[in-house]
Amino acid sequence: MEEIIQKVKNLSVGFKSQKGHEISILKNITTNIKKGETVGIVGESGSGKSTLALAMMGYVKQGLFTMDGECIFNSSDLLKMENRELEKIRGRKIAMIPQNAGQSLTPNLKIGYQIDEALKLHTKLNKSERDNKTSELLNKVRLPSPETIALRYPHELSGGQQQRVAVGMALAGNPDLLLLDEPTTGLDVTTQAHVLELLNFIAKDTGTSMVYVSHDLGAIAQVSDRIIVMYSGEIVLEGPARDILKQPVHPYTYGLLKSIPKLSLAGLPDSMPGSQPQPGMIQKGCSFYDRCNFAEDKCKKNSPNLEYVSELKTSVRCFNYKKLIEKKNDKNTKIKRNEKNIKINEILNLTDVSISYAKQKFLDQILNKITDTNPTVKDINININKGETLALVGESGSGKSTILKSIAGLLRTKEGKIKFDKDKILSNDLKKRNSSNLRAIQLIFQNPDESLNPNHTVEEILAQPLKLYFGLSGEELKKNIIELLEKVRLGKFYMTRYPRQLSGGEKQRVAVARAFAAKPDIILCDEVTSALDVSVQAAVLNLLQKLKEDFGTTYIFVSHDLAVVRAISDRVAVLYQGRLCEIGPSKNVYQFPSHPYTEVLLGAVLEPDPDIKPKLVAEDVVEERPPEKGCCFQGRCPRILGDKCKNETPPWQIGDNGNAIRCHISVEELKKNQI
Amino acid sequence: MEINKISEFKKKSIFFKISEVLVTMASKPSGFIGLSILVFHILLAFVSPYLAPYDFKAIDPSLMLQAPSSEYWFGTDSLGRDVFTRTIMGGRTALTITFFGSLIALLWGGLLGIFCGLVGGKIDDVVMRIVDAFLSIPWILAMLLIVSLLGTSTEVLIPALGFFYGKGIVRVARAATHDVIAKDFIISARARGHSNLSIIWNEIIPNVRDAILVEGAMRWSWMLLGFSSLSFLGFGVSPPTPDWGLMISNARGLMSFAYWAVIAPIVGLSSLIIGINLTADAFAKALGIDRSTKAPV
Amino acid sequence: MFFLIIKRILLGLITLIIVSLITFAGTEVLPGDACTTYLEREAYGAALEACYERLGLNIPAHERYLSWAYNVVQGDFGYSLSGQMPINEVLGPRVKNSMVLASAAIIIGIPIALILGIVTALWRDKLPDITISTVTIFAMTIPEFISATLLILVVAIWLEWLPGIVIVPTDVTITELLPNIILPVIAIAMIMTAHMARMVRSSVIQVMASDYVQMAILKGVPYWKMVFKHVLPNALLPAINVVALTIAWLLGGVVVTEVVFNYPGLGRLVIESISNRDLPTVQALAIILASIYVSINLIADLLTLMLNPRLKTLQIRK
């Protein structure tokens, strides 16, 4: 039998509400972690997954308390242990790799000190041995020149480097169990793939058990042997990773997997209705009842138990899981997007646009000299047709949001023209744009918590554009607001609510409704789904698609998520360091030949499928500024030719599938190497 | 969230919001004590002229420095005036002047702060430099100078106090505006093309209001402290008007044998300041603002 | 870094220049001038002329400001009206006496505030926190003149432990002064300590809730080591500036306390020169007090700059 290293038994963790009720956020969790295995715990925000991981270290956050159950490690219950004993286990037997390493490294202590501290606490090495070990650890997590890194402060490292330091620090005590709490969330796509690869290597190399907590099934699929799916504080499904990903027998997991956009499939993913209930809302019955397609009366009255199904080697918390087994041949039926609306009718045109964040010096401003020869965004030429969805894709620092802001007039362009509706030139000064041009272009932001005024009701929020552009008031205004709410599938009783009383998905719907209130021609979407949970994201994407078809709106859709872009866009523009690398119809951009950067990006995408492994083509170095001359991607390009790439700006060339690639390597050459 | 209870989400009227905040404040013991003391003092200020058993300015040398008795509950002072009468009336001037002073401070400080936070750049720099310079003159020196040159009338004291205690509010309002202005909902309103005035009124003020009000409440207690210090130094209310600061100052020299004449106004003033302070604290907590990180400048 | 320091110093100087302008303009704008306010009803004829002559009030305001500022930069504040002597001579011993008082309050107050703040934060919502926090609220809100009066009443009059009133000449030596300052120092330190303790408390609580402290716990760092290595350096850094503001605020409290105890310092001089309508002295006091305020803040700024690794490494990254 495999050795069990941690046993969680009937664990319930909760908090006391203001009215004094005990509300549980973890309910009756029982599971075992075996030696050498990697367990993925997946769930949406608020599912209790991080609380569970922390409890496995005997740590319960302030405000929470253990209601029942135990976490047994080495035959003693961590939750009942004295702090002094826990100090000998934490970092030595069980180590944690936190979500946001940038905030989890103490800002006033050097990297070297923080690793040395862990070594001092958990090993018997002397000073010089510890110094060597520190370098060795930094080397192991593949940080360049460990000696200099050790002398740095955390804020001097990039996000990926900070995360690697956190991994190195966790390995210092040579732990038997590693807990990883969303270790790659917030990192760029390529960095994420690299960190995951490192973690996989470490798991094999050291043989430690790992518990990998994430909301991202793509990441979970790459690392886990076994998967635990959590929903509303309960385990709803637990079993071997492959079986769960290939044949999910719980309706939630089934829906979740279907709602994730995939690179391999064009079109929009299926959406799941509603959102996860708040802790304490479900008194009896199955917590997934409201959103379940297979629900019956008994599901509302009785809570299903976690039941072990031996033929599947899986535990499932559902009365009707057998129905899902029967459904296994059901192929992914994606909603076909209606592409008829796209007329070859230009609505927005960007010519030679460049944008600079550098402030002009006073003297240069007077002399009207252009000082910044290397602006943040440069040489952007894009035509956007009426009714199409153009996606701007790239990692952080690619300038995609910058371009969006300058189209909206929020950032001044340094050079170039933005033309709207063929002949109307949009001023780069927001104040000089006329009302009808302002109305024609609307924005939807990433985070609805920030884009909706917390002190306004939904009614007041939606009234603003209606009053401003159409001068509506009274009954007319109210009627319009109700119509708008219906368009985004919210009832009229939402009018009197404040944003804090809405769920994330509902808030984003209000933001969508506000944009559509202006009856715009173009809507600029800035990472509109990245703050949302996966199951909610699909619903918002579907809504955007439906509205676009109804109103013939044009979208410019900025995202770092290539799979989401694949799902919603007609055309894709790939950006690196503020320069265009490739642009073309989305189905073609996702095929080879591609620009080497597109190739790197596509290779790093994590699919929720254990059979599709990411391909790591280039290093994940972070470049602070675009190069002065030559190709923008020269610093990281795996196919770099030499001086030509460093000195000459590459030409545009049209691939045989219609996408334009800006590269010195010929299309034929790229095709040969990439396929 | 339960969506059937529509009534629960009716748009709340301003009175409802105020009563909601008051209930939250009173639900904690410290907030309850603070509120009760404050309410007690305010009521007392209104009714004390009718409650007073004696004339506050009636001097009677034959009754000098009488110890507390059933006739003179808190004894009499060095001029033979009833200390009880003067104590219950001693907060009226201070409360009125500091209340209106705080309102003035709130108004000019809040508006200037929002303005600076909004425009930023050079104008903001210059204004903040000047505010900093004012902050670096000790308030007591500045107040004493103004009062000694312009006199101690209410028309001088209220604006002068309001001016000097508004400086701090400028900083708070400016910082709060800075925080809000970077938020997407402001950017969204700008991108839609709303006018600056409409952005200030609809988007900024509702979001900085709480921070400014809390700061104002806090200023009130400090202003009371400052005002009574002025009175104590002889630059506040002119005699024979009863005022705690002045009463303490007058009775101080004789306290070795008539401590009651000092103790009564001390209790009056201390309780009022503590009451306002606890209330401001509870107010801040009810609105979700941490006020303990701020310096008392 | 070097540039930043120069910038801070320049900003401080600009503040002082503005202060001098404000005080100068203030005394110009307000009704009456130094002579009429000083001479009051005798402000006519020869006496007024003589006064104008002596103070140079005959020449235009801006020239007067420049020559005054020129002298001030060289450390000469001119003549006091009431004392009929150079202001420098009046100020010298007063500054020394007030400094003794204020530094004693600071030296006693800061360590106590730190300890109280840290204790209340670490035992948050437990008995030590509840007791200390309640006491600090009282200590913080009660004006200096009340606490000073009560101290005299209880310690000096009822218990007769210490002298209640300071009766010493202005040019007293420090050793003679020390036994007299115990009560004034307690009165001043109380309100300041309470304020600082509260700020330290909330700063420590904030850091205790940070991700990196949770990480340190999960790393197995023993509690007190965590407090001293991971919590305090980060919690006390932002507190430095706030503490500086509190100290600067204490200057106002010093004035009142000095009056209560009859202490021969700057504070009493403020009251005396204002009662005597001695505007040149008032101007000098404003400049001196403002410079103290500015330099305390400058020191705090520089300390923060030196201790904060983020700012310390600024030039390395460039």
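Leu490(A) counts as buried, because 21 C-beta neighbours lie inside 10 Å; the cut-off for burial is 20 or more. The model is predicted. Leu490(A) sits in a loop of chain A, between α19 (474-487) and α20 (504-517). Neighbours within four places in sequence are left aside here. Leu490(A) is then in contact with Leu485(A), Glu506(A) and Arg509(A).

The whole of chain A comes next. Its secondary structure amounts to 26 helices and 24 strands. The radius of gyration of chain A is 26 Å, and the globule rule gives 26 Å for 675 residues, so chain A is as compact as a globular protein of that length. The C-alpha trace of chain A spans about 75 × 65 × 50 Å along its principal axes. Burial was computed for chain A as well: 51% of its 675 residues count as buried. Contacts in chain A with a separation of 6 or more were also examined. Of these, 68% join residues 24 or more positions apart.

Among the buried residues are Ile111(A), Gly112(A), Gln114(A), Ile115(A) and Asp116(A). Glu117(A), Ala118(A), Leu119(A) and His122(A) are buried too. What covers the buried residues of α4(A)? The cover includes three helices of chain A: α5 (127-140), α6 (146-150) and α7 (159-171).

The strand is β15(A), residues 389-393. Five of its five residues are buried, so β15(A) is largely enclosed by the rest of the structure. Its side chains can be sorted by direction. Thr389(A), Ala391(A) and Val393(A) point one way from β15(A). Leu390(A) and Leu392(A) point the other way, and all are buried. β15(A) pairs with strand β20 (residues 554-559) of chain A in the parallel sense, over five bridges. In this pairing, Ala391(A) stands opposite Phe557(A) of β20(A). β15(A) also runs parallel to strand β21 (residues 571-576) of chain A, and four bridges join them. Here Leu392(A) stands opposite Ala573(A) of β21(A).

Chain B was examined at the level of domains. Domain 1 of chain B covers 23-90 + 260-297, and domain 2 of chain B covers 91-241. The C-alpha centres of these two domains of chain B lie 26 Å apart. The contact takes 23 residues from domain 1 of chain B and 17 residues from domain 2 of chain B. On the side of domain 1 of chain B that touches domain 2 of chain B, α2 (29-51) and α11 (260-286) of chain B each supply at least two residues. The largest share of this side comes from α11(B), with ten residues. By residue type, this side of domain 1 of chain B divides into 15 nonpolar, six polar and two charged residues.

Note on methods. Residues are numbered from 1 along each chain as its sequence is written. Chains are lettered from A and ligands numbered from 1 in the order in which they are written. This is a predicted model: local features need pLDDT of at least 70, side-chain atom pairs count only at pLDDT 80 or more; totals for chains, interfaces and linings use all residues. Domain bounds come from an automatic or database domain assignment. Two residues are in contact if their C-beta atoms, placed from the backbone, lie within 7 Å. Ala, Val, Leu, Ile, Met, Phe, Trp, Tyr, Cys and Pro count as nonpolar, Asp, Glu, Lys and Arg as charged, and the others, Gly among them, as polar. The radius of gyration is taken over C-alpha atoms; the globule rule is 2.2 Å times the number of residues to the power 0.38. A residue is buried if 20 or more other C-beta atoms lie within 10 Å of its own, exposed if 12 or fewer, and partly exposed in between; C-beta atoms are placed from the backbone. Two strands pair if DSSP finds at least two bridges between them.
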